[in-house]
Amino acid sequence: MSDDAAGTQLTVLGAVDSAADDRLRDFYAYPDNLQRCWVRGNMIASLDGGATDDGKAGGLAGAGDRAVFNLMRDAADVILVGAATVRIENYSGAQLSVEQRQARQRRGQSEVPPIAVVTASADLDHEAKFFTRTEVAPLILTAANTVADARRRLGAVAEVIDASGSDPGRVDPATALRVLAERKLLRVLTEGGPQLLSLLIEEDLLDELCLTMAPVLVGGVARRIATGPGQTHTRMRPAHLLTDDEGYLYTRYVRS
């Protein structure tokens, strides 16, 4: 062992405790008394770094991951996604149980969190499951150059909002979060895809990342969970690490 490595303190992690449903909710609770949007990313990756299996993130998921996915949706005020993710994953609206809806009401939240889509083009099929299998109208966060046409095409099935900044041809992520904050949608959960997550990272808008590591190797040319032209160096600190009988790892890292 080198001199540099000799002083490193490592901790062996093991099965030391179990988390019941109530305690598990505490692991994924948002901070109290928020005054601005708190943005949580939830992504899954293979052991070799792929964000998809056979083109879809859902191909990596297991039963435990789906349970944690549902729990995080239950905790959120709004689910923020990119248009490509809506198309590829064939999104529908959030589906919550009666018990979850009642608990959300007691917490002062809407029964079902809306899904907000970031899309400069608003090129979405109004007959897609995203619009037809939902109890809450989605929010379309689009560009100033597109908003009039998008309202004409999608206004009957969604709320179309101008979320541009100085460039009328693109969606500004900080403006999009201000739009959500004005609607008191402060507990933000983003499920990607990689381009949206990268944009939030580049703009220093991601407060935490919940990354599931699937015990799978995919090889090939699968993308990373964040894919974009910009680079940054944001330090994160671990909040928790969980596992299940299938070997999935559930990590949560919060910005330092």
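**Before you start**

This is a predicted model, in which local features need pLDDT of at least 70 and side-chain atom pairs count only at pLDDT 80 or more, while totals for chains, interfaces and linings use all residues. Residues are numbered from 1 along each chain as its sequence is written, and side-chain values use heavy atoms, with hydrogens and water left out.

**Stop 1: the sheet**

Show the cartoon and select the strands. Nine strands form an open sheet with mixed pairing, in the order 5-4-3-2-6-1-7-9-8. Strands (E, at least two residues) and helices (H or I, at least four) are DSSP runs, numbered from the N terminus; two strands pair if DSSP finds at least two bridges between them. At the edges are strand 5 (159-162) and strand 8 (236-243), each of which pairs on one side only. From one strand to the next, the twist averages 20°.

Now select residues 78-82 and 187-190. These are strand 2 and strand 6, which run parallel and are joined by three bridges. Val78 stands opposite Val188 in strand 6, and Ile79 has Leu189 as its bridge partner there. Strand 6 also runs parallel to strand 1, with four bridges between them. On that side, Arg40 stands opposite Leu189. In a regular strand the side chains alternate between the two faces of the sheet.

Next, select helix 7 (residues 144-154). Helix 7 packs on the sheet and touches strand 4 (139-142) and strand 5; contact means heavy atoms within 4.5 Å. The direction of helix 7 makes about 170° with that of strand 5. Such angles run from 0 to 180 degrees between N-to-C directions, with axes fitted to C-alpha atoms, for helices over the stretch in contact.

**Stop 2: the hairpin**

Move to strand 8 and strand 9 (residues 249-255). They run antiparallel, and seven bridges join them. Leu241 stands opposite Thr251 in strand 9. Five residues lie between the two strands of this hairpin, where Gly247 takes a positive phi near 95°.

**Stop 3: the largest pocket**

Select Ala57, Gly58, Phe69, Glu89 and Tyr91. Of the 31 residues that line the largest pocket, these lie nearest its centre. A pocket is an open set of points on a 1 Å grid over the protein atoms alone, with protein on both sides within 12 Å along at least five of seven lines; lining residues have an atom within 4 Å of a point. The largest pocket holds about 800 Å³ of space; a volume is the space filled by probe spheres set on the points, which are joined across faces, edges and corners.

Which elements give two or more residues to this lining? They are strand 1 (38-46), helix 3 (63-75) and helix 4 (83-88). Helix 3 gives the largest share, five residues. By type, the lining has 11 nonpolar, 12 polar and eight charged residues. Here Ala, Val, Leu, Ile, Met, Phe, Trp, Tyr, Cys and Pro count as nonpolar, Asp, Glu, Lys and Arg as charged, and the others, Gly among them, as polar.

**Stop 4: the cavities**

A cavity is a set of points where a 1.4 Å probe fits but cannot get out. The count comes to two cavities of 30 Å³ or more.

For the largest cavity, select its lining residues, including Leu80, Val118, Asp172 and Leu196. Helix 8 (173-182) and helix 9 (194-202) each supply at least two residues of this lining. The lining has nine nonpolar residues, no polar and one charged.

The second largest cavity has a volume of about 30 Å³. To find it, select Ser92, Gly93, Ile115, Phe130, Thr134, Val136 and Pro138. Four of these lining residues are nonpolar, three polar and none charged.

**Stop 5: a salt bridge**

Select Arg187 and Asp77. They form a salt bridge, with the closest N and O atoms 3.1 Å apart. Arg187 lies in strand 6 and Asp77 in the loop between helix 3 and strand 2, so the pair ties together parts that are 110 residues apart in sequence. The structure holds 13 salt bridges, each defined by a side-chain nitrogen of Lys or Arg within 4 Å of a carboxyl oxygen of Asp or Glu.

**Stop 6: two backbone details**

Most residues other than glycine have a negative phi, and most peptide bonds are trans. Select Asp54, in the loop between strand 1 and helix 3. Asp54 has a positive phi of about 60° although it is not a glycine. Finally, select Gly192 and Gly193, which are joined by a cis peptide bond with omega about 10°. Gly193 is in the loop between strand 6 and helix 9.
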